[in-house]
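Visitor: Please pick one part of this model and take me through it closely. I would like to see how it sits against its surroundings.

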Amino acid sequence: MTTTAPLADARMLGLAHYAARGVLERVLARHGLTFQEQVALRAAVTGSPQPGDALAARVQDSLKAGPAEAAAVVDALLAKRLLSRTDGALLSATDAGRELLTAVAAETAPVTARVWAGIPAEDLAAAARVLTLVTARAEAELATGAAGAA
């Protein structure tokens, strides 16, 4: 009897995303941080100080969120003092913000290692190619406004 592996599809991608995100969100919750805030804080850490609207735009793009939601996430990080204003209107991560991301990375690293352990490099390369293509196609759909137009 021959069995065939299932083919990857949108549902399978979603299940993998939410399982991995669930692991991360448990760690974030222990630190009083939401997934959205972590995305914004990471965007602030991986660059030089930037205008608030530029950071909000990066968050909006990453989360596929609306402008109000992205701005609210940035405001929440300012209120938590994980972001600060420097040089007038420029935003940057505070030491506390950077330390928080370091702590989260340290806590999630062992779980991440277990999740990815033993997956052959050629499978990871194939998955990367497929996910890159799916991402590009979905973003093109979002850019044209075609999602939901059918």
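Guide: Buried residues make up 23% of the 150 residues in the protein. Buried here means under 20% relative accessible area, exposed means over 50%, and partly exposed lies in between, using a 1.4 Å probe and protein chains only. The model is predicted: local features need pLDDT of at least 70, side-chain atom pairs count only at pLDDT 80 or more, and totals for chains, interfaces and linings use all residues. Numbering runs from 1 along each chain as its sequence is written, and side-chain values use heavy atoms, with hydrogens and water left out.

First, the setting. The protein has six helices and three strands. Along the sequence they follow the pattern α-α-β-α-α-β-β-α-α. These elements are DSSP runs numbered from the N terminus: helices are H or I with at least four residues, strands are E with at least two. The C-alpha atoms fill a box of roughly 65 × 40 × 25 Å along the principal axes. Of the contacts with a separation of 6 or more, 52% join residues 24 or more positions apart. A contact means heavy atoms within 4.5 Å.

Now α2, residues 35-45. This helix is mostly covered: eight of its eleven residues are buried. They are Phe 35, Glu 37, Gln 38, Val 39, Ala 40, Leu 41, Ala 43 and Ala 44.

Leaving aside residues up to four places away in sequence, Glu 37 touches Gly 32, Val 73, Ala 76, Leu 77 and Lys 80.

Next, the sheet. α2 lies across β1, β2 and β3, running at about 105 degrees to β3. Axes are lines fitted to C-alpha atoms, for helices over the stretch in contact, and angles run from 0 to 180 degrees between N-to-C directions. The three strands form an open antiparallel sheet in the order β1-β3-β2. β1 (50-51) and β2 (83-86) are the edge strands, each pairing on one side only. Two strands pair if DSSP finds at least two bridges between them. β1 and β3 (residues 90-93) pair in the antiparallel sense over two bridges. There, Pro 51 stands opposite Leu 90 in β3.

Then the helix partner. α2 packs on α3 (residues 52-63) at about 130 degrees, with the axes 9 Å apart. The two are therefore oblique to each other: angles under 35 degrees count as roughly parallel, over 145 as roughly antiparallel, 65 to 115 as roughly perpendicular and the rest as oblique. The crossing of α2 and α3 is right-handed. From α2 come Phe 35, Gln 36, Val 39, Ala 40, Ala 43 and Ala 44; from α3 come Leu 55, Arg 58, Val 59, Ser 62 and Leu 63. The residues of this contact divide into eight nonpolar, two polar and one charged. Ala, Val, Leu, Ile, Met, Phe, Trp, Tyr, Cys and Pro count as nonpolar, Asp, Glu, Lys and Arg as charged, and the others, Gly among them, as polar.

α3 also meets α4 (residues 67-79): their axes come within 8 Å and cross at roughly 120 degrees. That makes α3 oblique to α4. Leu 55, Ala 56, Val 59 and Gln 60 of α3 meet Pro 67, Ala 70, Ala 71 and Val 74 of α4. By class, this contact has seven nonpolar, one polar and no charged residues.

How values were computed. Left-handed = near helix turned anticlockwise from the far one by under 90°.
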